[in-house]
Every structure is written in C-alpha cells, then in structure tokens.
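Subject: Structure handover

Hello,

Here is the structure I said I would pass on. Please open it first, then read the notes below it.

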Amino acid sequence: MAAVEEPKQGISAKPRNAIVILLDSLNRHMLGAYGGREFATPNLDAFAQRALRFEKHYSGSLPCMPARHDILCGALDFLWKPWGSIELWEQPLTAYLRDAGVVTKLISDHPHLFETGGENYHTDFSAWEYERGHENDPWKTRPDPSWVGAPAWDAAGNLVQSTRNYELNRGYFRGEEDFPGPRTMAAAARWIEDSAPAHDGFLLFVDEFDPHEPFDTPEPYASLYDGSWQGPHLIWPPYAVGARRRGIMDERQARQVRACYGGKLTMIDHWFGRLVAAIERQGLWETTAVIVCTDHGHYLGEKDIWGKPGVPMYEPLGHIPLMVAWPGRPAGTTDALSTNVDIFATLADLFGVTPEHRTHGRSLIPVITGERQSVRDWALAGVWGREVHLIDATHKYARAPEGENAPLSMWSNRWSSMPIHHARHGYRFPVPDERAWLDRMPGSRIPVIRQPFAAGDNVPYWAIARFSGNHLYDLTLDPGEEENRRGERAEAEAADKLRQALKEVEAPGDQFVRLGMQ
C-alpha cells in the first residue's frame, strides 16, 4: 500500500455535486478509451480525456439489479440472495442523502427498476422520471395502428417476430429521438439545464438501459456496421454457450448480432455527448464529480459465448469500465483494483454520510486525489448459486461447487426476483417452506427469513446451470483467459485468499460447504 500523501494541487477533496451515468451492458473492450477499435464511441472517448480511467474495475453482484444494489446500497448481496428489492435491514444511499439535505434525481428507462424485484430502488430519490418502452416494459397493449417504423409488424398488422412487449411498444418510436435511450439522455440534459442550477448540492443518477438488448436502432445505426445484411435485423441475441458450434446461429448471423450491439453503442454514445454538452454549458465541471459506469458487460461471441448464460465470469462480462471526472483532477489512469460497491462508498464519502447497515465498499477518493495508489487487495464477484470469484491485482479465481450445488440458502424478507414469465413458461419461483427459519444478516439485529435449499430442490433459476469446475487465470500473462491453472500450486493460494475474503464479509456457512472450503 502506498504511503499517504497530501492531495495534489488543485484537486477538490469533496465536490458539491455528483452525476452518475450508468450505461447497462457497456462492454469495456469495445470502447475506444479502453483500446476498442470495432465501433465508434467518440463521446465516451472524449470524456475519458478529462477523466481518471480505472483499468482494474470489476463487477461485484450480478446481473442487473444485484449490480444496482451494489451501487445504491453498497453491500454485496450475491452470497445471500439472487435478485431482489432493498431489504428492511438496509437503506439506499438516497435515503441518507435525503436526511443530509442533498437533492437526488433519478432518470431512467430501465424496466427492472419498476417491477417486482426492483420496485423500491427509486422510491427514496427526491424525484424520478421513467422513460417507457425499453425491453419488456409492459407499456402498450396494442401496436401503433400506423405501424410506422415498427420492423416487427407487417403491412397487414401481423406480428413478424414474437409477442414480446417490446414489439407492442416499438411502433411508437417514430424517429431516433423517440427511442427510450435518447429520451432518457435528453431528459437528463434538460434536468441539468433547467433544475440543477437551483440546487446547492445534488446527485443526478442516470440509469440508462442501452446498450442492453434489444439491439434495435433506427438508421443509420441499424446498418452502420453491417451494411450488406438482408432482412430484419437480429436485435435479440441468444443466451447460449457454443451458439455457433451448436448451430444456434451461423457465422453470418453472429456478425449481424454483434453489429447490432455496435449500432446501439454508437447511438447511445451520441446522446451521451448531448448530456456532456449540457454539463459543459452549465459550467459544472468545477463543482461536480461525473462518474460513468456499468453493471456488467455482454458476451458477443467471445469464447463462442452469447448473452449472460451460466458460465464463469470471464473478462468480457466482469471486467468493466469506470471513468471519473473530478474537479481539478487531470486525466489519467489508475491500476487500483475497484468494484461496484466502491462507487457507493465514494459517493457516501463525497457527501459526508455514513451508512448504518453493513457495507463492503471502499471510497475511491484517496485514489482520485492521489493520496493512495490503492484501497483494496481483492474483490468478490458472482451470481447467486453459481461460481464465487476472487479477483486480485494479478489473478482471477472462480470457485465452483465441489459436488452438488448445495447446500444453498436465500435470505430475504421481501422474497422477490426478476419476473421471467415471458422466458420460462410455467416456472414458479420457490417460496419459503417449513424448513425456513429466522436468522440475522451480518451487522443486523432484524430477523430475516432464511430458506435452505438441498440437492434436488426447485431452486431460484439463477442456480440452474452446469458447472465446468474451478478456473484460475493469471490475467497479467493471460488476459484472454486461455490457460486454466486449476490444480497448480497457485490454486491453493487463491483458494486460501477466497476463504479469508468470505470470512471477512461473514458469508453464510453453507457457501463454504457448497464450495468445499470448510
């Protein structure tokens, strides 16, 4: 650990405001600022030229809502539950900021924030706006009768692709500015112009669901990276391992899916530029920390993996971008290891609030101001019921169950998860049964329902997947994760680090048993 130094000349220790822009499924390796050359991201790249770029930032809890729990509540939850609401034993950052007199504003088109399993993340913001129509948002009950600009409907009004809610919504997007992503970024720019000047201390949280699927864009973006494609664009990627090898799609279709992601990335980059222009016009760079982050990446054929299926957290999914523009802080890079709970800790530190519940983050302000070179030696990551990952400065270790994926337990008093009736017909999320008992979360005296699951049980669907054993990669020598070093001496060292990390966060005992780490 580097010696503590005084903050560098001109760097603000505590800006007055913060703007967080979360772009969902933002692939680090496809941004120009991180060496990507396949797709154009000029505005994100320009932002990087005034920001501190974190080179070793990783997802923690996965996927979408668990990652937002990391950022808004500051506590890893993937060791205790799969996906769900804010619980009784914790409060979001926005509740603490409300008590401190800080104005908070949410602007989002993210459907999961407004459905079961995510329904109370927005409620403690001072105000919030929801731009409708993304993914499976149940917005419209019938298609627009004109069918203008709706590729899923033919001239006779027949559904061409599927019965997803998105196809009902799609016809109402007449031009680029009508799509949810552009509307969200435009609304954020308007708030910066019209409302930010009225507040002495604010947090604007822009939770933008692009470039998450569907990878649907108007022209010129739809054909920007695959101009020779004939027929409807492939906007819904498969969630599959070995999709090409297994014949789920051929090489030509694979290129089209990847190109459609690129088109959406470039479109949202354009609208991100409009938001940044509003920040510039209002002169907020001198008083405001601006953070660009994501929840996770999205596999687009790397290792022939597509979507977010049940596999270890390889680099394209878990190694994610984090860029922070800080008043007085010149642009640069840092190799400090960080993870999404650290964003919560940084914002809490910036605004001078102290959470009362147990959290797992470390403030990044000492790294930003130059006082320290790093704030953590390891980070934990994963999906509930799957591999548990430990990342340090050089290695990534993914520990799989030793045998059956049991025992497991889910801890919750709200008992909710992502609705999947559109994807798994007839599936019913398991509810607590006679084996459940009242336990306590680490640091809390509030009773919580703890439901155990044994081998053969109907478990929450996150844990329904095959495993491929443990994985250990030296990311310094093998950034492509081609050489699995499990079974070598280095694995014993990694396993000991993981065991100690799990003890430090007071992980449930059944996780140690499940992973063979008693």
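A term first: in these notes Asp, Glu, Lys and Arg count as charged, while Gly is among the residues that count as polar. By that scheme, the lining of the second largest pocket has 5 nonpolar, 6 polar and 9 charged residues. Please keep in mind that this is a predicted model.

The second largest pocket has a volume of about 390 Å³. It is lined by 20 residues, and Glu315, His319, Leu475, Pro479 and Gly480 are the closest to its centre. Strand β2 (52-58) gives the largest share of this lining, 3 residues, and α7 (315-318) supplies at least two.

The largest pocket holds about 1600 Å³ of space. Its lining has 50 residues, with Tyr239, Lys308, Pro309, Gly310 and Trp462 nearest the centre. Here the classes are 29 nonpolar, 11 polar and 10 charged.

Next, the rings. There are 18 aromatic pairs in the structure. One of them joins Trp384 and Phe453: the planes are at 75°, so the pair is edge-to-face, and the centres are 6.3 Å apart. Trp384 is in the loop between β13 and β14, Phe453 is in strand β18, and 69 residues separate them. Both Trp384 and Phe453 are buried.

Ring pairs also link Trp139, Tyr166, Tyr172, Phe173, Phe179 and Trp236 into a cluster.

Finally, two charges over rings. The charged end of Arg274 sits 4.2 Å from the centre of the Trp271 ring, and Arg386 lies over the face of Phe467, 4.4 Å from the ring centre.

Regards

How values were computed: Residues are numbered from 1 along each chain as its sequence is written. This is a predicted model: local features need pLDDT of at least 70, side-chain atom pairs count only at pLDDT 80 or more; totals for chains, interfaces and linings use all residues. Side-chain values use heavy atoms; hydrogens and water are left out. On a 1 Å grid over the protein atoms alone, a cavity is a set of points where a 1.4 Å probe fits but cannot get out, and a pocket is an open set with protein on both sides within 12 Å along at least five of seven lines; lining residues have an atom within 4 Å of a point. Grid points are joined across faces, edges and corners, and a volume is the space filled by probe spheres set on the points. Helices (H or I, at least four residues) and strands (E, at least two) are DSSP runs, numbered from the N terminus. Rings of Phe, Tyr and Trp (its six-membered ring) pair if their centres lie within 6.5 Å; planes under 30 degrees apart count as stacked, over 60 as edge-to-face and the rest as tilted. Buried means under 20% relative accessible area, exposed over 50%, partly exposed in between (1.4 Å probe, protein chains only). A charge sits over a ring if NZ of Lys or CZ of Arg is within 6 Å of the ring centre and within 35 degrees of the ring normal.
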